[in-house]
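Me: I'd like a close look at one part of this model, please. Take your time and walk me through it.

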Amino acid sequence: LIAALSQRMQEAARQLQYERAARLRDEIDLIARSLEKQSVILGDGQDLDVVALVRKGDLAAAVVLPVRGGCVLGKHASVWRDMVLAEADLLRGFLLAYYGEEGASSEVPPRLDLSASLGAERGEIATWLSERAGRKVALICPQRGTHRRLVEMAEHNAEGELARAVLRISERGRALERLRLALHLDGPPIVIDAIDISTFQG
């Protein structure tokens, strides 16, 4: 990938497209730094996804840490509001959506380390994932060791996502309250429309 981007950067520079070349250079730097930060977590080179679910009131966050060749390669996060489902049902729904045909994951690894139990649905979800992957997929809730530490890392990431969501919600609420007071409204605005008048003549 870096070699292909470098070639495109050099071609853009040859064609005097300096802004494009600079963007490609920045992308190369970002990828290189990302690769430097990857650390070998599992010495046996396993492929798995670590899935954590965290709740706070009616907010919930799920984080997936994909581990490929023993290295954590990134993070996928989802945050939901107004969640009333039980934890096992919420985790089940997330797995079905994330690993579904239109989901965020392009592959199902041979193992998923989960932060919570799926309860009675575990066998059904494991069968469905195995069919999607074309091989057996193990669903495990690790209790100790490196795999448990990976789950704790994913939970910590999910807690961070929730904290950011709470901050966004409170900032939005404060801004709407200021707007309500400035416009002397009975309640905060529900819909705000904007019109671009820059193309009007006059």
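Predicted model: local features only at pLDDT ≥ 70, side-chain atom pairs only at ≥ 80, totals over all residues.

Me: Which residues point one way from β2, and which the other way?

Reply: Happy to. Residues are numbered from 1 along each chain as its sequence is written, and side-chain values use heavy atoms, with hydrogens and water left out.

Now to your strand. Leu59, Ala61, Val63, Leu65 and Val67 point one way from β2, and Ala60, Ala62, Val64, Pro66 and Arg68 point the other way. In a regular strand the side chains alternate between the two faces of the sheet. Here both sets are buried, which means under 20% relative accessible area (1.4 Å probe, protein chains only), with exposed being over 50% and partly exposed in between. Since 10 of the 10 residues of β2 are buried, the strand is largely enclosed by the rest of the structure. Strands here are DSSP runs of E with at least two residues, numbered from the N terminus.

Next, the partners of β2; two strands pair if DSSP finds at least two bridges between them. Strand β1 (residues 48-56) runs antiparallel to β2 and is joined to it by 9 bridges, with Arg55 opposite Ala60. These two strands form a hairpin with 2 residues between them, and Gly57 in the turn has a positive phi of about 65°. Strand β4 (residues 76-80) is also antiparallel to β2, through 5 bridges; there, Ala77 is the bridge partner of Val63. With strand β3 (residues 71-72), β2 pairs in the antiparallel sense over 2 bridges. β2 and β3 form a hairpin too, with 2 residues between them, where Gly69 in the turn has a positive phi of about 60°.

Finally, let's look at Arg68, which belongs to β2 (residues 59-68) and stands opposite Cys71 in β3. Arg68 counts as buried because its relative accessible area is 18%. Its side chain makes a polar contact of 3.3 Å with the side chain of Glu107; such a contact is a pair of N or O atoms within 3.5 Å, where, within protein, one must be able to donate a hydrogen and the other to accept it, and residues adjacent in sequence count only if both atoms are side-chain atoms. Setting aside neighbours within four places in sequence, Arg68 is in contact (heavy atoms within 4.5 Å) with Gln46, Asp47, Leu48, Asp49, Leu73, Glu107 and Pro109.

Note on methods: Helix = DSSP H or I, 4+ residues; strand = E, 2+ residues; numbered from the N terminus.
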